[in-house]
Amino acid sequence: MAFICLLQIHLHFPDNGSLKGKRKELQSLREQLRHRFGASVAETDYQDLWQRSTLSAALMGRDVHSLDEAAAKLTRYVESQFPDGVRVEKGLISADELLS
């Protein structure tokens, strides 16, 4: 059975002064999440604000345990990059639940 984990990553950039600076940081983070964790990542909220952003990241796997571990590693990585400005929410669903 397949499982999908969706993570909403709420970021705050207190020291950032422009959209250009925010986008540079987000581009780097998105690339790292794709490369390190194989996550699909998109900016899903606050695109026009320079101090806030919400990214949505999706992970897929065959079992809940390994997917949960991957989500925990991804969360720890994001927290290490933004120690003072991140909140991560996680949801998990099976493909059967999603398709029914």
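Start by selecting Arg87: at 46% relative accessibility, this residue counts as partly exposed. Keep in mind as you click around that this is a predicted model.

The side chains of Arg87 and Glu89 meet in a salt bridge, 3.5 Å from N to O. Glu89 is partly exposed too, with a relative accessible area of 37%.

**Next stop: Lys90**

Select Lys90 and Asp68 together. These two form a salt bridge as well, and their closest N and O atoms are 2.2 Å apart. Look at where each one sits: Asp68 belongs to helix α2 (residues 64-81) and Lys90 to strand β4 (residues 86-94), so the pair links distant parts of the chain, 22 residues apart.

**Over to Glu43 and Lys22**

How many salt bridges does the structure hold? Three, and one of them is between the side chains of Glu43 and Lys22, at 3.2 Å from N to O. Again the pair links distant parts of the chain: Glu43 is in strand β2 (residues 40-45), Lys22 is in helix α1 (residues 19-37), and 21 residues separate them. Both Glu43 and Lys22 are buried.

Stay on Glu43 for a moment and bring up Leu55, its bridge partner in β3.

**The sheet**

Hide the side chains and switch to a cartoon view. Four strands form an open sheet, in the order β2-β3-β1-β4, with antiparallel pairing. Which strands are at the edges? Those are β2 and β4, each pairing on one side only. Turn the view and follow the twist, which averages 20° from one strand to the next.

Now walk across the sheet, pair by pair:

- Select β2 with strand β3 (residues 52-61): they pair in the antiparallel sense over five bridges.
- Move on to β1 and β3, which run antiparallel and are joined by ten bridges. For a landmark, pick His10, whose bridge partner in β3 is Thr54.
- Finish with β1 and β4, antiparallel again, with nine bridges joining them. Here Ile9 stands opposite Val88 in β4.

Then show α2, which lies across β1, β3 and β4 and runs at about 10° to β1.

**Last stop: helix against helix**

Select α1 and α2 and look at how they meet. Two packed helices are described by the angle between their axes and the distance between the axes. In this model, the axes of α1 and α2 come within 11 Å and cross at roughly 150°. Why does α1 count as roughly antiparallel to α2? Because angles over 145 degrees count as roughly antiparallel, and this crossing is at roughly 150°. As for handedness, α1 passes α2 in a right-handed crossing.

To see the contact itself, show side chains on both helices. From α1, pick Leu29, Gln32, Leu33, Arg36 and Phe37. From α2, pick Ala70, Lys73, Leu74, Tyr77 and Val78. These residues make the contact between the two helices.

Notes. Residues are numbered from 1 along each chain as its sequence is written. This is a predicted model: local features need pLDDT of at least 70, side-chain atom pairs count only at pLDDT 80 or more; totals for chains, interfaces and linings use all residues. Side-chain values use heavy atoms; hydrogens and water are left out. A salt bridge is a side-chain nitrogen of Lys or Arg within 4 Å of a carboxyl oxygen of Asp or Glu. Buried means under 20% relative accessible area, exposed over 50%, partly exposed in between (1.4 Å probe, protein chains only). Two strands pair if DSSP finds at least two bridges between them. Axes are lines fitted to C-alpha atoms, for helices over the stretch in contact, and angles run from 0 to 180 degrees between N-to-C directions. Contact means heavy atoms within 4.5 Å. A crossing is left-handed if the near helix is turned anticlockwise from the far one by less than a right angle, and right-handed if clockwise.
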